Amino acid sequence: MHNDKSLKNEEVYFDESQELVSTTDLKGVITYVNQEFCSVAGYSAQELIGQHHNIVRHPDMPKAAFKEMRATLKQEHSWRGMVKNRCKDGRYYWVDAFVTPIFEHNRLVGYQSVRTKASSQLKQRAHALHHNPPNTPNTHHKPNTPNTP
């Protein structure tokens with residue numbers, strides 16, 4: 001994993017037509033990456049294959065999001081969500097991720113993630129949720145209190 005000191009508050013943008021694709025084994029170790037994923041993340045295929053997929057995890061992403069994803073995938077269901085990833089050089093990129101189980105001979109063998117460009121609206125919504133989760137007290141708003149006479 002990277003040192004958090006290498007983070008840069010600079011977003012990497014990519015084209016709507018690009019799909020960032022990777023596959024992993026059941027433990028999250030990368031087994032395949034396409035060129036678009038490599039280009040956006042700033043890694044070569046050789047640097048990514050064999051590494052755990054959390055090599056691109058950004059520390060701003062709440063652990064609960066990945067916990068939910070893993071739980072959904074373990075039930076052999078697909079998962080979709082907004083993810084903020086970290087590039088090799090410390091910059092970041094947002095994706096709309098769709099992760100599906102991979103089966104061979106009716107047996108779960110891994111996962112495929114197809115990530116596309118996230119809309120500005122979805123990025124703003126995800127950013128707000130990540131920085132103020134629903135089950136966390138919001139210190140910026142006063143709780144609703146009943147009117148007293």
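The exercises below, each with a worked solution, concern a predicted model of one protein.

Residues are numbered from 1 along each chain as its sequence is written. Local features need pLDDT of at least 70, side-chain atom pairs count only at pLDDT 80 or more, totals for chains, interfaces and linings use all residues, and side-chain values use heavy atoms, with hydrogens and water left out.

**Exercise 1. Confidence**

Task: State the mean pLDDT of the protein, and find where pLDDT stays under 50.

Solution: Begin with the term itself, since pLDDT is the predictor's confidence in each residue, on a scale from 0 to 100. The mean pLDDT of the protein is 87, and 83% of its residues reach 70 or more. Next, look at residues 136-149, over which pLDDT stays under 50 and for which the model has two contacts (heavy atoms within 4.5 Å) beyond four places in sequence. Where pLDDT is low, the predicted coordinates should not be read in detail.

**Exercise 2. The order of elements**

Task: Work out how many helices and strands the protein has, and in what order they run.

Solution: Helices (H or I, at least four residues) and strands (E, at least two) are DSSP runs, numbered from the N terminus. By this rule the protein has four helices and five strands. Read from the N terminus on, the elements follow the order β-β-α-α-α-β-β-β-α. To see how the chain comes together, take the contacts between residues at least 6 apart in sequence, of which 51% join residues at least 24 apart.

**Exercise 3. The nonpolar cores**

Task: Determine which residues touch the most other members of the largest nonpolar core, and which elements give two or more residues to this core.

Solution: A residue is buried under 20% relative accessible area, exposed over 50% and partly exposed in between (1.4 Å probe, protein chains only), and 37% of the 149 residues count as buried. A nonpolar core is a set of buried Ala, Val, Leu, Ile, Met, Phe, Trp, Tyr and Cys residues joined through side-chain atoms within 4.5 Å. The largest such core has 27 residues, and those touching the most other members are Leu20, Phe37, Leu48, Val56, Val83, Tyr93 and Val95. Two or more residues of this core come from each of strand E2 (30-33), helix H1 (35-41), helix H3 (63-74), strand E3 (79-86), strand E4 (92-104) and strand E5 (107-117). Apart from it lies another core, of five residues, including Met82, Tyr92, Trp94 and Ala118.

**Exercise 4. Phenylalanine 37**

Task: Decide whether phenylalanine 37 is buried or exposed, and list the residues with which phenylalanine 37 is in contact, leaving aside its neighbours within four places in sequence.

Solution: First locate phenylalanine 37, which has its place in helix H1. Phenylalanine 37 counts as buried because its relative accessibility is 0%. Leaving aside its neighbours within four places in sequence, phenylalanine 37 is in contact with Leu20, Val21, Ser22, Leu48, His53, Val56, Tyr93 and Arg115. Finally, valine 21 is 16 residues away along the chain, and the C-alpha atoms of this pair are separated by 6.1 Å.

**Exercise 5. The cavity**

Solution: On a 1 Å grid over the protein atoms alone, a cavity is a set of points where a 1.4 Å probe fits but cannot get out, and lining residues have an atom within 4 Å of a point. A search of the whole structure finds one cavity of 30 Å³ or more, and about 50 Å³ of space lies in the largest cavity.

Definitions and conventions
On a 1 Å grid over the protein atoms alone, a cavity is a set of points where a 1.4 Å probe fits but cannot get out, and a pocket is an open set with protein on both sides within 12 Å along at least five of seven lines; lining residues have an atom within 4 Å of a point. Grid points are joined across faces, edges and corners, and a volume is the space filled by probe spheres set on the points.
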